[in-house]
Amino acid sequence: MDPGASSPEKLDKENLVGISSKRLGVCGWILFSLSVLLMIITFPISIWMCLKIIKEYERAVVFRLGRIQADKARGPGLILVLPCIDVFVKVDLRTVTCNIPPQEILTRDSVTTQVDGVVYYRIQSAVSAVANVNDVHQATFLLAQTTLRNVLGTQTLSQILAGREEIAHSIQTLLDDATELWGIRVARVEIKDVRIPMQLQRSMAAEAEATREARARVLAAEGEMNASKSLKSASLVLAESPIALQLRYLQTLTTVATEKNSTIVFPLPMNILEGIGGVSYNDRKKVPDRA
């Protein structure tokens, strides 16, 4: 391998904006010496202007003569900023909530919907967030909108309604890969609401109601079939023992009597009524023959 050739990691590091291995040079060292001399001359007044406090959730990216001081941001705690040649930018590392406004999306099955969501992200590398993008929060916000539209445009309405978690996970993966060079780490993506037209809502409600009614009719038919099978079995059992039918009559009377009814209907077999009237069915058939 050629010793003069640079490794891929070194090339990628040098290609990042603001991160350079070049030194200050002769002019830079002269300005650095003058700045230190000015700070010493104006001491102790200058110390209050040169010492900066960086909070625990913040980092400071220091530019000296337009160049980033180190690959890693400074802080938290006290940092020293030289007068006239140093400029620093504070970066908040706390999680940021990005509300995606409702996006009008045409799904794969040609249904127009409005979908909104929320993205939770944080800055992982303060140097990349400052040096590689102009406004990291605005860039992440716009990228989240376009990614949401692109992903949902490839799904049908039923897939969007049923697979929110899978869609949110795929959006999070795409955002995390795209914002890696910006120093952003996407923690979570959630789809808040899916709005569909009112006419389509009525159609879906009618379809769901028809499905429920069809299922109820099928269940009722199955219940009737099971009841008829049970009645058939009971009739076979009663046919084997005629006295069991009389016992069933008495049990029914006991059940009706417990409800405090004033009128009790007691069913009697037809042969008993014919015996009380003194005329049987066979006798009625013989009457015309005698005539």
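A residue is termed buried when its relative accessible area is under 20%, exposed when the value is over 50%, and partly exposed in between. In this predicted model, leucine 65 has a relative accessible area of 35% and is therefore partly exposed. Leucine 65 is placed in the loop that links strand 2 (58-64) to strand 3. The backbone of leucine 65 adopts a phi near 55 degrees, a positive value in a residue other than glycine.

Leucine 65 also contributes to a nonpolar surface patch of about 660 Å², together with Val26, Ile30, Leu31, Leu34, Leu37 and Ile41. Of these contributors, isoleucine 30 belongs to helix 2, which spans residues 25-41. Because its relative accessible area is 47%, isoleucine 30 is classed as partly exposed.

A "transmembrane region" is listed by UniProt, in an unreviewed entry, for residues 29-51. Over residues 29-51, the model is 83% helix and 4% strand, and a distance of 21 Å separates the end C-alpha atoms. Proline 44 occupies the loop between helix 2 and helix 3 (45-50). The peptide bond joining phenylalanine 43 to proline 44 is cis, with omega at about 10 degrees.

A further cis peptide bond runs from glycine 75 to proline 76, where omega is near 0 degrees. Proline 76 is located in the loop connecting strand 3 (67-68) with strand 4 (77-80). The loop between strand 4 and strand 5 (86-92) contains cysteine 84. For cysteine 84, phi is near 75 degrees, again a positive value in a residue other than glycine. With a relative accessible area of 75%, cysteine 84 is exposed, since the exposed class begins over 50%.

Three strands form an open sheet in the order 6-7-8, with antiparallel pairing. Strand 6 (96-106) and strand 8 (184-195) are the edge strands, each pairing on one side only. From one strand to the next, the twist averages 20 degrees. The antiparallel pairing of strand 7 (residues 112-123) with strand 8 extends over 10 bridges. Isoleucine 123 has isoleucine 184, in strand 8, as its bridge partner.

Methods:
Residues numbered from 1 in each chain as written. Predicted model: local features only at pLDDT ≥ 70, side-chain atom pairs only at ≥ 80, totals over all residues. Heavy atoms only, no water. Patch = residues over 30% accessible without salt bridge, like charges linked within 9 Å, V, L, I, M, F, W, Y side chains within 5 Å. Areas by Shrake-Rupley, 256 points an atom, 1.4 Å probe, with all protein chains shown as cover. Salt bridge = Lys/Arg side-chain N within 4 Å of Asp/Glu carboxyl O. Helix = DSSP H or I, 4+ residues; strand = E, 2+ residues; numbered from the N terminus. Buried < 20%, exposed > 50% of the residue type's maximum accessible area, 1.4 Å probe, protein only. UniProt positions renumbered as here; feature names shortened; annotations may be inferred. Pairing = 2+ DSSP bridges. Axes fitted to C-alpha atoms, helices over the stretch in contact; angles between N-to-C directions.
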